[in-house]
Amino acid sequence: MKTRRMTMAQALIAFLKQQHVERDGREHAFFAGVVGIFGHGNVAGIGQALQENPDFPYILVRNEQAGVHIATGFAKASNRLRTFACTSSIGPGATNMITGAALATINRLPVLLLPGDIFARRNVAPVLQQLESPATQDTGVNDCFKPVSRYWDRIYRPEQLITSLPEAMRVLTSPSDCGAVTLALPQDVQAEAYDYPEELFRKRVWLIRRGEPDRESLERAVAALCAAARPLIVCGGGVLMSEASQALENFASRTGIPVAETQAGKGALAWNHAQVVGAIGATGSLGANRLANAADVVIGIGTRYSDFTTASMTAFQNLNVKFVNINTAEFDAYKVSAIPVVADARVALEQLSAALRGHKVKAAYATEIAELKANWDAEVDRLLHLSGQGSGGITSEIRRKPAQSEVIGAMCEAADERDVLVSAAGSHPGDLHKLWRTRTPNGYHMEYGYSCMGYEIPGAMGAKMADPSREVFVLLGDGTYLMAPTEIATSVQEGVKIIIVLVDNGGFASIGNLSRSLGQGGFGTSYRARDEKSGQLDGETLKIDFVGNARSLGAHAIKVATLDELKSALKEAKAMDRTTVIVVETDVTMSVPGYDSWWDVAVAEVSEMESVREARARYEEARKRERHFA
Ligand SMILES: Cc1ncc(C[n+]2csc(CCOP(=O)(O)OP(=O)(O)O)c2C)c(N)n1
Ligand SMILES: [Mg+2]
């Protein structure tokens, strides 16, 4: 047997370089490189191996969590066909990646995490940053990755790579099982040499299967659809991951079935497609939520049925509602007691289209869908352009602070057809779910599985790296920005240009509004100094120089006061070749309302505050609409 004598880390990098995936006859290298930060736990292992492989890019980031977000954003924008590996030292560098791991796993996106680990040899323990246990020597902080990883292993001996790496790749390239994969790499073992079989380093092409549905399940799905009077499609992220937009468009156009979108599925079809009725659920459109309310057959495609999608199980009120779930993951296909069609979205839609040839929704339902869509489009127009839009609009007052919906309107106008919008947490996901007008698949990149403050900037960098031909816009809040602005420096380092629109509203508008709706008056949600007299955080509003902060990290930064200034700043940003941050203060009183929607956030059952008791009474009433689909 031919062998190559290499360190474990050298062998690992050599293996990663040889991994490819293939789907629909197209082949891609699976790993675009490694992101991370070196410390004593990886510098002499993975760090040394990367130095020997200058053709395999290494991206130095500012925070390991953000490094994982870059990989995840890249994987999401690549429809899971590519990703990065993430390297960290041991201890805090490693645990910084746990949030990123959870985010990737929840969103079903592949990332390979390579945290450094404590000495396998143990004689020098406890090493710096080692978690000790009086009960066992076989535990450490990297065990925390277990529940947030779809595959987890610790490489105690160099030869374990030979059996562990193919398992890692199986999971990373699985359309149903993918998520974070963690290989914990003890610091000493990374540097240890072994005679690896040459075979380990051959080029491998992992086929991304397009699973076919079984005949019986498909027949049951067809029968349910033929019997439906008010069918509704819930378009989830799986439609995008499967690149099934065209198949969905054919299916929806031929059958006339309306398409409601989850956060992950938004944009699979263009916003103005005749069957697209907009967002569904807690942050849904009036049209989609009305249709969901009365739907008798719901076809969930590539969706996890999160509480935002189901409006905490209140969205579907038809007593006889049935579900048909098309999903590559059996786990999701069986949710809400559906007829499970365990298959790739594109394949299943093509087969359903063929089986339903000539089947169309009734004329009255088609008219209702068209009316709801037209009304919703008009409502979105109103919200995007509040100023001076004739009847119903607020008369033009040029100097006032813009509303957040108008900021979104200006961004929509500035974005070209293929441009990408990235966001994740705060009040932006809800507003964008309702208002953003996506024109091309993957043009709407929302991380709403983990809704993680701090994903936005690195996630957007990942999206930009996945397709540099698309301009990437980020909408984020002052809260999120302050949590993780630092990857701006990385974007400058890598020449990865993104446009960040920072909405400054003095703290947490989203959680503040939520708190007020729960009778808590916004306690602890705005950025104010501690007041000497009250002893509470209700003093002066903090003055934070966001423009100065962004500039200090290397970005081009612009402060705007009005909508017109925002529009010209967006033009300026598009012409720049460097990451640009536009800071805009908004009027929080002009928020986007909800539309026949609900989200279950439990209110205190007993309280000395009258407002909380009232909120609890409203809460108990609203919960009566929550359903089981057993
Ligand atoms: C890492 C993380 N911590 C906490 C939260 C809970 N959370 C959701 S939105 C939000 C406030 C976000 O503030 P900002 O970015 O200013 O957006 P705004 O609410 O003002 O629109 C918080 C604290 C979260 N989603 N992620
Ligand atoms: Mg804010």
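Let's start with S451, which is partly exposed, with a relative accessible area of 28%. In this predicted model, S451 has a positive phi of about 40 degrees although it is not a glycine. You will find S451 in the loop between β19 (444-446) and α18 (456-466).

R108 is another non-glycine residue with a positive phi, here about 55 degrees. The loop that holds R108 runs between α5 (98-106) and β7. R108 counts as buried because its relative accessibility is 15%, and buried means under 20%.

## A cis peptide bond

Have a look at A125 and P126 too: the peptide bond joining them is cis, with omega about -5 degrees. P126 belongs to the loop between β7 (111-117) and β8 (151-154).

## Where ligand 1 sits

Two elements, α19 (478-483) and α21 (509-517), each give two or more residues to the shell around ligand 1. Of these, α19 gives the most, with four residues.

There are 16 residues around ligand 1, and S427, D478, G479, G507 and S510 come nearest. By class, the shell has five nonpolar, ten polar and one charged residues.

## Contacts of ligand 1

The side chain of S427 places an N or O atom 2.5 Å from an oxygen atom of ligand 1. Backbone atoms take part as well: an N or O atom of A509 lies 2.8 Å from a ligand 1 oxygen, and one of T480 is 2.9 Å from an oxygen atom of ligand 1. Taken alone, ligand 1 exposes 580 Å², and the protein buries 78% of that.

Key. Residues numbered from 1 in each chain as written. Chains lettered and ligands numbered in written order. Predicted model: local features only at pLDDT ≥ 70, side-chain atom pairs only at ≥ 80, totals over all residues. Heavy atoms only, no water. Near = heavy atom within 4 Å. Polar contact = N/O pair within 3.5 Å; in protein donor to acceptor, adjacent residues only side chain to side chain. Areas by Shrake-Rupley, 256 points an atom, 1.4 Å probe, with all protein chains shown as cover. Nonpolar A, V, L, I, M, F, W, Y, C, P; charged D, E, K, R; others polar. Buried < 20%, exposed > 50% of the residue type's maximum accessible area, 1.4 Å probe, protein only.
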